[in-house]
Each structure stands twice: as structure tokens, then as C-alpha cells.
Amino acid sequence: MSVAELDLGGPAPTLRPAPGAEQPVPGDVYALVRVDGRPAATVLGRYEPGEDPAEVLAALAAKRLTDTGPGTAAERLAAAERTPAPSRTPPASVVVATRERPASLARALDSLLAQDHPDHELIVVDNAPRTSATHDLVTERYAGRVRYVREDRPGLATAHNAGVAAARGEILAFTDDDVIADPRWLSALAAPFAADPGLGCVTGLILPARLTTPAQILLESHGGFAKGFAPRLYDPARPPADEPLFPFTAGSFGSGANMAFRASALRRAGGFDPATGTGTPAKGGDDLYAFVAVLAAGHRLRYTPDALVWHHHRETWQDLRNQAYGYGAGLTAYLTATLVRRPALLPALLARVPRGLAHARAMTAERGGGDQQGHAPGQHGTHSHPWPASLSRLERRGMLYGPLGYLKARMNGAFR
């Protein structure tokens with residue numbers, strides 16, 4: 001399945017491959033629709049040899065972009081055009097934690113060096129390296145442009161905390177070594193902080209860079225990492241009526257591959273819990289913990305689809321199995337971390353446990369697509385690519401393991 005960008009801002013629609021993807025070929029095409037450069041929607045279409053793929057996909061996008069009413073693409077774009085630009089762009093630090101993946105890291109760094117943000121630094125945290133490959137790449141190919149930090153204790157949260165300690169920016173942005181960042185990613189991620197002094201965290205849009213294997217298509221068919229195209233503000237002073245489990249459904253806020261924090265807010269919240277995250281027995285949950293920690297401190301969190309990264313999904317069935325188990329483990333590990341480090345939240349969490357368990361079970365049974373429903377591979381919410389029951393069982397097994405994994409990580413000395 002080809003992955004592309006459809007630009008409707010000119011006199012005629014234009015189609016180009018997504019960053020890191022191959023030129024579209026006849027068959028199925030998954031495309032990001034841009035209007036005047038702004039991400040507006042996704043469409044899934046098919047074109048045959050001899051057809052103009054841009055025209056085919058533009059026709060499919062037309063109704064979605066011209067629908068009226070709250071929450072539609074047209075309404076969101078109109079609102080965005082009325083929003084004044086911030087008077088200043090806060091200086092930012094971008095932290096990329098990595099371990100023994102120099103080829104994908106180089107691809108990510110090339111995109112991060114092409115950002116249009118006027119005042120930012122790049123920091124690579126080499127986490128528990130086995131070889132000198134990452135060090136050699138950063139200090140030779142990117143000398144003077146990227147700072148190198150080594151963190152020997154394994155774990156994504158520990159690596160992120162090392163990046164926080166080294167960073168000088170007012171805004172701390174985090175992404176992964178398997179993404180390609182849109183040139184406006186950092187500017188779009190940092191701008192909301194200038195407009196809202198009470199904002200503690202901003203997350204952004206994550207789309208697939210390639211859909212070449214059944215595992216990649218299956219993951220994206222059931223939501224992937226995308227949170228849709230509707231901007232959203234989460235305010236602890238005004239809990240959202242449509243999320244009765246707020247703030248404990250942190251997975252709906254965004255993902256660690258595309259997030260930024262006001263440095264002062266993240267540091268006051270204690271940073272990331274080092275007993276969570278990939279590379280620890282907890283297997284995940286470091287981003288979710290940080291989201292809730294910042295919200296619990298009274299800061300707001302905003303999701304903005306204008307801040308876009310393209311993510312290289314894992315390719316194999318075993319990767320997907322590992323990911324399913326890790327999702328479940330990370331969810332309950334982060335909840336355990338929240339209770340251990342913020343026991344004052346226990347009454348609020350206990351009040352939500354019955355509905356929370358039902359929500360978690362429903363989440364593992366069918367991974368939904370929200371704003372992108374009907375516009376992703378296999379069509380979100382249909383059974384074109386049914387989510388295997390074996391993966392749901394793995395997620396539930398991960399949920400049972402998560403608290404144990406977190407406690408094991410603390411006993412192993414990950415916590416400090």
C-alpha cells in the first residue's frame with residue numbers, strides 16, 4: 001500500500017510520496033490531505049494504471065473537506081486561519097533517545113536538522129550502548145550540530161531524564177529514532193506554549209511512513225498512533241465530559257514519539273519515572289506517566305495535528321505481538337507508578353476502576369480510530385482487517401504483568 005501526501009492548496013491537486021516512502025504505484029494509496037500545507041484529513045483510495053492518482057484521491061477528499069459542522073475538516077481549518085500567530089517562538093530542545101539503530105537515527109536527525117524553528121538544539125541520548133556506532137555517527141557526521149549524551153542505565157525514561165538534565169531550551173520536545181519529522185513539526189509543537197502560559201504539555205499527529213507489510217497495515221487499520229485532526233485541550237480544572245476516566249486514559253492524549261513539555265513544568269513534576277518505559281521490566285508507560293504527572297500538577301495539555309511526524313511502524317508479526325504485550329504492560333505499569341509516586345490520586349483512581357477495567361477490555365478487543373474513522377487502511381471500525389484475538393489476549397496478559405514489571409524495575413534500581 002502506497003503512502004503519500006495530497007496537496008490541495010494549488011490550482012490543481014498534487015500527489016507526492018510521504019517522506020521515506022516510495023513513489024505511489026497503481027493500487028491502494030493511503031494519503032495525508034493538506035490544505036495550504038496544513039494537515040486536514042487522510043483518505044484511502046485506489047487508482048488503476050492510466051488514471052491520475054491525484055485526481056482520484058482529490059475526488060475522495062472533496063466531500064470530507066467540504067462537510068460543514070463542528071469537528072469537520074472545513075470547520076477546523078477555518079478556525080485555524082482565525083487563530084493569530086504567537087508573538088514569539090520559545091527556544092526548544094529536541095531529545096532523541098536511541099540504542100544501536102544508527103541508520104534510522106540518521107534519517108530522523110536529517111529531518112530534525114531541517115526544522116524551520118528559529119532557536120533549537122538537538123540532543124541524542126545513547127542509552128546503554130553496546131557499540132560505538134551511535135557515538136561515531138553523532139560526533140562525526142553531525143559534529144557541531146547535534147549534542148551527544150551517554151546514559152548507561154537502560155530504559156527510555158532514564159534516557160529522557162538524561163536529555164532533560166542536559167537540555168537548555170524553554171520547551172523540551174521528544175521524538176523517536178524511527179520517525180521523520182515534518183519541517184514545521186517543532187514550530188507547531190512549540191507555538192501553543194507561547195499562546196497559553198498554563199500549558200504544560202503538547203502532543204502531535206503521528207502517521208505511518210510506510211505500509212508495506214501485513215503487520216504495519218493491521219496496526220494502522222486499528223488506529224495506529226494517530227489521534228485525529230481535531231485539536232483538543234485537556235484542562236484538569238474542566239475535565240472533559242466525554243472522558244469520565246480523565247486523566248487516567250492518558251493514551252488518548254498522545255504518544256511519546258511526538259510530545260513536548262514546558263521545561264519548568266516537567267522538572268517540577270519530577271520528570272519521567274525511570275522504572276517505566278521500553279528497556280525496563282515495565283516495558284512502557286513512561287510517556288503516559290509524564291502526561292498525568294503534568295496534568296496532576298494543574299497544567300493543561302493540548303493535542304495539535306499541525307505537529308506531524310511520520311513513524312516507521314515495526315514490520316513483522318512478532319514485532320506486533322511484542323507491541324501488543326508492551327501496550328498492556330505499559331498501561332498498568334504507568335498506573336502503578338502514578339499511585340506509588342502520587343498516592344493522593346488514589347481516591348480518584350479507585351472511583352474510576354470499574355469503568356476503567358471495562359474501558360481497557362474494550363480497548364483490547366477493538367482498537368478504534370476516532371477522527372480518522374473510515375479513512376485508514378482497512379477502514380477503522382470495520383472487519384476488513386479484524387484485530388486478532390491472540391493480540392487482545394497478549395494485551396490483557398501485559399496488563400496483568402504491568403504492576404509486577406514496574407515493581408521489578410524499582411527493585412532492580414531503576415528508581416531513584
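Helix axes are lines fitted to C-alpha atoms over the stretch in contact, and the angles between them run from 0 to 180 degrees between N-to-C directions. The model described here is predicted, so local features need pLDDT of at least 70 and side-chain atom pairs count only at pLDDT 80 or more, while totals for chains, interfaces and linings use all residues. Residues are numbered from 1 along each chain as its sequence is written, and side-chain values use heavy atoms, with hydrogens and water left out.

The protein chain contains 12 helices and 13 strands. Helices (H or I, at least four residues) and strands (E, at least two) are DSSP runs, numbered from the N terminus. Of the 416 residues in the chain, 55% are buried; buried means under 20% relative accessible area, exposed over 50%, and partly exposed in between (1.4 Å probe, protein chains only). Contact means heavy atoms within 4.5 Å. Among contacts between residues at least 6 apart in sequence, 77% join residues at least 24 apart.

Helices H10 and H12 pack with their axes 6 Å apart, at an angle of about 45°. The two helices are therefore oblique to each other; angles under 35 degrees count as roughly parallel, over 145 as roughly antiparallel, 65 to 115 as roughly perpendicular and the rest as oblique. The crossing of H10 and H12 is right-handed, a term used if the near helix is turned clockwise from the far one by less than a right angle, and left-handed if anticlockwise. The residues in this contact comprise 16 nonpolar, six polar and five charged. Here Ala, Val, Leu, Ile, Met, Phe, Trp, Tyr, Cys and Pro count as nonpolar, Asp, Glu, Lys and Arg as charged, and the others, Gly among them, as polar.

Tyr325 belongs to H10. Leu288, Tyr289 and Val292 of H9 meet Leu331, Tyr334, Ala337, Thr338 and Arg341 of H10. By class, these residues are six nonpolar, one polar and one charged.

In H9, 10 of the 11 residues are buried, so the helix is largely enclosed by the rest of the structure. Its buried residues pack against helix H5 (156-166), strands E10, E11 (232-234), E12 (258-262) and E13 (300-311), and H10. Just after H9, Gly298 takes a positive phi of about 100°. Helix H7 (residues 214-221) is likewise largely enclosed, because seven of its eight residues are buried. The cover over the buried residues of H7 includes strand E3 (27-35), strand E10 (199-208), helix H10 (317-341) and helix H12 (389-411).

In soluble globular proteins, nonpolar side chains tend to be buried together. A nonpolar core is a set of buried Ala, Val, Leu, Ile, Met, Phe, Trp, Tyr and Cys residues joined through side-chain atoms within 4.5 Å. The largest such core has 46 residues, of which Phe174, Phe253, Phe261, Phe272, Phe291 and Tyr334 touch the most other members. Helix H9 (residues 286-296) supplies the largest share of this core, eight residues. Apart from it lies another core of 41 residues, among them Leu112, Val179, Leu320 and Leu391.
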